[in-house]
Amino acid sequence: MSDIEIRDDRAAGRLEAVAGDGEVVGRIEYFVLESPERAIVPVHTVVEPAHEGKGIAGSLARELYTLAAREGVVVAPLCPYVVKWAERHPDQAPAASPELIRAAKEWLAAHPGRF
């Protein structure tokens, strides 16, 4: 995975894994929740089939939590992959409160065309 760069496209709500040739080979799609507190909410993790098994999804999840820590916000994962990754890496992935997870689910339900 040494030739992969991870970029945050905040306007599009995507954390992207970009290969040396510029191809996006993986991504986490997310939104930013403002209330009850500011949080990054990952909804989907996708890795292109030709790049599966190379640690890209895990690197994206790790970078998402690093990004949130730098910004001083919480990650409220709805994406099943990120939930499992966080359970395996509790030292790197602080748990979000049940209230925040509930608010994220409500936001997602209120915006059905977003993802």
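**Reading a predicted N-acetyltransferase domain model**

The UniProt annotation "domain: N-acetyltransferase", from an unreviewed entry, covers residues 7-97; UniProt positions are given in the numbering used here, feature names are shortened, and annotations may be inferred rather than shown by experiment. This is a predicted model, in which local features need pLDDT of at least 70 and side-chain atom pairs count only at pLDDT 80 or more, while totals for chains, interfaces and linings use all residues. Residues are numbered from 1 along each chain as its sequence is written, and side-chain values use heavy atoms, with hydrogens and water left out.

Q: How many helices and strands does the protein chain have, and in what pattern do they follow?

A: Helices (H or I, at least four residues) and strands (E, at least two) are DSSP runs, numbered from the N terminus. The protein chain has three helices and five strands, in the pattern β-β-β-β-α-β-α-α. Over residues 7-97 the chain is 27% helix and 32% strand, with the end C-alpha atoms 27 Å apart.

Q: Which radius of gyration does the protein chain have?

A: The radius of gyration is taken over C-alpha atoms, and the globule rule is 2.2 Å times the number of residues to the power 0.38. For 115 residues, a compact globule would have a value near 13 Å; the protein chain has 14 Å, which agrees. Along its principal axes the C-alpha trace spans about 40 × 35 × 25 Å.

Q: Is V47 buried or exposed, and what does V47 touch?

A: Buried means under 20% relative accessible area, exposed over 50%, and partly exposed in between (1.4 Å probe, protein chains only). V47, in strand β4 (residues 39-47), is buried because its relative accessible area is 17%. Contact means heavy atoms within 4.5 Å. Not counting residues up to four places away in sequence, V47 touches V25, G26, E52, I56 and A57. The C-alpha atoms of V47 and I28, 19 residues apart along the chain, are separated by 8.8 Å.

Q: Where is E71 found, and which residues does E71 touch?

A: E71 is found in helix α1 (residues 56-71). With a relative accessible area of 36%, E71 is partly exposed. Residues up to four places away in sequence aside, E71 touches R10 and I40. Its C-alpha atom is separated by 9.7 Å from that of A39, 32 residues apart along the chain.

Q: What share of the residues of the protein chain counts as buried?

A: Of the 115 residues, 41% count as buried. Among contacts with a separation of 6 or more, residues 24 or more positions apart account for 49%.
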